[in-house]
Amino acid sequence: MRDKEMTTPDVRIDEAGTTGIRPLLEIRDLAITFKTGGGEVKAVRDAHLTIMPGETVAIVGESGSGKSTTALAAIGLLPNNGKVSGGQILLDGEDIAHASEQRMIELRGNTIGMVPQDPMSNLNPVWKIGYQVRETLRANGRPSGPDDIAKVLSQAGLPDAKRRANQYPHEFSGGMRQRALIAIGLSCQPRLLIADEPTSALDVTVQRQILDHLETMTNELGTSVLLITHDLGLAAERADKVVVMYQGRVVEAGPSLELLRNPQHPYTKRLVESAPSLASRRIQVAKEQGVETTDLLAPAAETAKSDTFLQIQDLRKVYKLRQGLGKAADFAAVDGVSFDVRRGTTTAIVGESGSGKSTVAKMVLQLEKPTDGRILFDGVDTSALKPAELFKFRRRVQPIFQDPYGSLDPMYNIYRTIEEPLRVHKIGDQASREKKVRTLLDQVALPQSAMQRYPNELSGGQRQRVAIARALALDPEVIICDEAVSALDVLVQAQVLNLLADLQANLGLTYLFITHDLAVVRQIADHVCVMEKGRLVETGSTDDVFESPQQDYTKALLNAIPGAKLMLPPEVA
Amino acid sequence: MTSNKNHFVAPIDETPLQATDAVKTDQAPLSLWADAWRKLRRRPLFIISALLILALVVIALFPGLFTSTPPNEGCELANSEGGPTAGHPFGFTFQGCDVYSRVIHGTQASLSVGLLSVLCVLVIGVTLGALAGYYGGWIDAVLARLGDIFFALPLVLGALVITQLPLFRENKSVWTVVFVISLLAWPQMARITRGAVIEVRNSDFVTAARALGVSKFGALIRHVLPNALAPIIVLATLELGVFIVAEATLSFLGIGLPQSIMSWGNDIAGAQASIRTRPEIMLYPAAALSITVLSFIMLGDAVRDALDPKSRQR
Amino acid sequence: MIRFILRRLLQVIPVFLGTTLLVYYMVFALPGDPIAALFGDRQPPQAVIDTLRSQYHLDQPFWVQYGLFLKNLFTFNLGNDFTGQPIAASLARVFPVTAMLAVEALAIQAIFGVAFGVFAGLRRGGWFDSTVLVASLVVIAVPTFVLGFVFQLVFGVKLGWAKPTVGANADWVTLLLPAVVLGLVSFAYVLRLTRASVSENMNADYVRTATAKGLSRPRVVLAHILRNSLIPVVTYLGANLGGLMGGAIVTEGIFNVPGVGNKLYQAVLRSEGPTIVSIVSVLVLVFVVANLLVDLLYAWLDPRIRYDQ
């Protein structure tokens, strides 16, 4: 047994002096199949990875790559219709791929811990936080008094842990819940921690704090970490080794920086090229297409040419928050925001959740009324628009929303979806509308055969293209992208961003781009507005803001971009 | 191939970078309804219930095809509680009427009360529920309280009171029963509709439609309601069964359909007299009633499964 | 929590007022002579008419009538029925019987419904699940009054396991058969609801996390799956109390249980309007209070509710 192990190519015996140290977790030729309505589906094939004691290994891949499935198999938590159909999962030499449920219960918690993905759904809403920590301690035979619980929670960075333990999950913010989950995952000092996208649901600044804290804790405890993430930059920054998975297979694995600087597999290469957190420049589409490039490359000339198209002046939006029994408090979601958008450029509004950025977008779209302040569109105050004028305004300003699943009516096929704006505005007849729809599909690089399909039959990226085609149907001048690429996988995100840049170059569109992701901003925006808690913190050209941020908040945001500080050798960048 | 023996690269031919952007062209397009219909067709539960309901509808429309004995005729006290004879397979009631003929002719009353009540409840409940859910504000508040009031009155109790009104006591008919049931049952439909509409109301596709220039009411009709229909349809099918039971219960208590209308509820009430001696007199209308209700409940179940958004591919 | 209770209490008042107003209005204030209408085609003695007139203050404006009616309701001064018996006293006699019946039925449906539902939900698609599901469909489809006669005939008359009719001396044992009949339909609904809830919660993220913590299977099932699945079930059980009462009218009639339902049924048979209005109003009050209690229980079971604006 031991001999065989030594001869397998995955066992590393070359790191000086570590010969004889057994890997804590070794996955060999792992295959996982799922039973579905249409037969058996192989979700993972020939997966392999090795984690040495104290090491952090990251699996990177897009949704459906099998990264989470592989990790769940290691803790015996595959869904009921999934099973390990081949290979081994060796935990300290013991094959646990087919271990009994009893054995897995012994291992979970104190040998293998888990920090799950979504802090909102992973804590049981009906039990107090302290109870959920206590049952973990108890199940693993550890002392579980109030002091022990408080200690576990405060170690995970929860302030005022004694009082917090008596609260319910819904009284916690997302970041605090994630800390509670980390506390639970590490409470029994496991030797291996599986962290499945532990921070992807959180704001970047919170994400950074939590990952820092997790790193400190696991270093102190000597815990090995299997980190699952879709973000190559984050993986490279946090892990010693990175394993790249694609369509259920491991396509490339190696030391983080090595892999990042010298990707070998075409998929990894594409991933490195597309990762927004690693890219450092605006997408230069115009240049590639041979269009006159001075527009994009010479900001000075551009400023002189383009006029101010959209002026936001001292915009305010106040909501009444009900506080029960007739009392109400004012809450300013947007407070005194002013900025200009120039024709043919992209302005990004960046901020974390609750910054008021989406409220600004809704007000610009005339879907919400501002409490105060003005929005001038092409010199006209939009608040004074009559219904007929508003109807015309809608032709010129169109939105694209975040969730490609939610922004298309599931009852409408693609043709009806894209045709609807034309029908509503009574443009053309049946034949000319159909022609227009076909042209639009070409513009967003969707095949004509998609016309009779329904949204549920398309992939996320395809749906977002349909949404773009619908937005373009009325030949608008301004497009408001509200987190338009946030829900997409990295490669698809890059495709859609490129498409948007292409369209801008060809159609002279003006974009107002709402996003939480500074990395994306760098790729697409000319100007940036940074918002925090309803207020505008900093504005400026993208280059200025990225190279010499003035405000602490902007600096914190920039610092929080995972992998931002990983210097890439010039041949990759 | 690898620059370092720690650096693993899969052979490229093993993991081709497939075009993930292909659009399926091998199947017919699947709208929600087409998808649901495809799933329904394969479910035995649906096939059985649909066939049963079809048979019931034919019986209700053309009772003459199934029995040559006209309703309420040929009742002779000499036949009281008589056993099955040629042409009278189920025997005779206490009054000496043909049980089989009564069961066949009773179908019409049960089905029409059920269908008409569901229609009324749909019209009232969906309209009010959709308005309340979509517009919110005071409409919602008023409707919610109004609904609460009717909600606090269980169907049988409420019916007991309403049917005490002289207007109802003297004009018992299918319509009074439909009125009573609809009046007491609309709040549940309104609640379900309201919930479904609220769920859809804030979808991005509704906001997108508004941003395209679709009017607020237009968005309700074109986008919100069609997407809120699934739970409404499921409840409507289930309520068909519930209302048929309600009619039978009211008739059984003597406050539903008048004796002159053949209905299973009346038959069961009448058969009480023979329960100890000839229980099968009660058994036949009871079985007919139960099978009818079962068909609609099975249909509702099958439709619920077929329309379950969770079972749809994303 | 206290604010939640207060708000719910405030919401209950208009519902109770509205419902009783509706009931009262329908019987006493619609066009025509209400007293004459109450008796249909029968001619009541003049003395009865006079008593009723003063009892319902028919010479007063409607709002005064309704106000006095409410006052009487809360002081349990419900007047006399047509036989001259005070309604309040006979209600006090029959109410405990119905309460016993309802509690027994509720217990049957809650205990068996939840237990069967949990087992079916945990092994969704298994033989137990399939059997129970088909059985529950059949139970739902057979109306209570049919079920009542069948059970009475089979278990009461043919097999002799129970007394076919309850009669004057109702106790827990004699009430068992009617309670089973009464509880059976809702039992099927509770079962299906529990099953659906359990199989949904089984796939919840927090259940997976609980397993990942190293908890034993029974602990995960009890503390996480079952605990959370009970929330909708309890709400249903509470809302169903009204339905139980409706069913009690039929069941008590069939089994001759001396309860509220039977009393009401007799009043309906005799078209005793005032008795009907009084009993229904008392019952509405009971439902409203019961629903309030269920809401509080719900808030206790689901801590998120208490903070919902």
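How many helices and how many strands make up the secondary structure of chain C? Chain C comes to 14 helices and zero strands. The model described here is predicted.

**Chain C and a helix pair within it**

- Along the sequence, the pattern of chain C reads α-α-α-α-α-α-α-α-α-α-α-α-α-α.
- Chain C has 309 residues, of which 44% count as buried.
- Where contacts in chain C join residues at least 6 apart in sequence, 74% of them are between residues at least 24 apart.
- Two packed helices are described by the angle between their axes and the distance between the axes.
- For helix H5 (residues 87–122) and helix H10 (residues 217–239) of chain C, the packing angle is about 135° and the axes are 11 Å apart.
- H5(C) and H10(C) are therefore oblique to each other, and their crossing is right-handed.
- H5(C) brings Leu106(C), Ala110(C), Val114(C), Val118(C) and Leu122(C) to this contact, while H10(C) brings Val221(C), Leu226(C), Val233(C) and Leu237(C).
- By class, the residues in the contact of H5(C) with H10(C) are nine nonpolar, no polar and no charged.

**The contact between chains B and C**

- Chain B gives 36 residues to the contact, and chain C gives 41 residues.
- On the side of chain B that touches chain C, two or more residues come from each of helix H4 (137–151), helix H5 (155–162), helix H6 (166–170), helix H9 (216–252) and helix H11 (280–307) of chain B.
- H11(B) supplies the largest share of that side, with eight residues.
- The side of chain B that touches chain C is made up of 27 nonpolar, five polar and four charged residues.

**The six-stranded sheet of chain A**

- Six strands of chain A form an open sheet in the order S16-S17-S18-S13-S19-S20, and their pairing is mixed.
- Strand S16 (397–400) and strand S20 (535–541) of chain A lie at the edges with a single partner strand each, so each has one side without a neighbour in the sheet.
- On average, and with direction ignored, neighbouring strands of this sheet are turned by 15° against each other.
- Helix H15 (residues 357–364) of chain A packs on the sheet, where strand S13 (346–350), strand S17 (478–482), strand S18 (510–515) and S19 of chain A are touched by the helix.
- The direction of H15(A) makes about 150° with that of S18(A).
- Within S20(A), Glu538(A) is the bridge partner of Val530(A).

- Strand S9 (residues 241–246) of chain A pairs with S10(A) in the antiparallel sense over six bridges.
- Val243(A) has Ala253(A) of S10(A) as its bridge partner.
- S9(A) and S10(A) form a hairpin with two residues between them, and Gln247(A) in the turn has a positive phi of about 50°.
- Strand S10 (residues 249–255) of chain A is mostly covered, with six of its seven residues buried.
- S10(A) also pairs with strand S1 (residues 8–9) of chain B, in the antiparallel sense over two bridges.
- In S1(B), Val9(B) is the bridge partner of Glu252(A).

**An enclosed helix of chain B**

- Helix H8 (residues 204–212) of chain B has eight of its nine residues buried, so the helix is largely enclosed by the rest of the structure.
- The buried residues of H8(B) are Asp204(B), Phe205(B), Val206(B), Thr207(B), Ala208(B), Ala209(B), Ala211(B) and Leu212(B).
- The cover over these residues includes helix H16 (387–396), S16 and helix H17 (414–424) of chain A, together with helix H7 (174–201) and H9 of chain B.
- Gly213(B) follows H8(B) and has a positive phi, near 110°.

Technical notes: Residues are numbered from 1 along each chain as its sequence is written. Chains are lettered from A and ligands numbered from 1 in the order in which they are written. This is a predicted model: local features need pLDDT of at least 70, side-chain atom pairs count only at pLDDT 80 or more; totals for chains, interfaces and linings use all residues. Two residues are in contact if their C-beta atoms, placed from the backbone, lie within 7 Å. Helices (H or I, at least four residues) and strands (E, at least two) are DSSP runs, numbered from the N terminus. Ala, Val, Leu, Ile, Met, Phe, Trp, Tyr, Cys and Pro count as nonpolar, Asp, Glu, Lys and Arg as charged, and the others, Gly among them, as polar. Two strands pair if DSSP finds at least two bridges between them. Axes are lines fitted to C-alpha atoms, for helices over the stretch in contact, and angles run from 0 to 180 degrees between N-to-C directions. Angles under 35 degrees count as roughly parallel, over 145 as roughly antiparallel, 65 to 115 as roughly perpendicular and the rest as oblique. A crossing is left-handed if the near helix is turned anticlockwise from the far one by less than a right angle, and right-handed if clockwise. A residue is buried if 20 or more other C-beta atoms lie within 10 Å of its own, exposed if 12 or fewer, and partly exposed in between; C-beta atoms are placed from the backbone.
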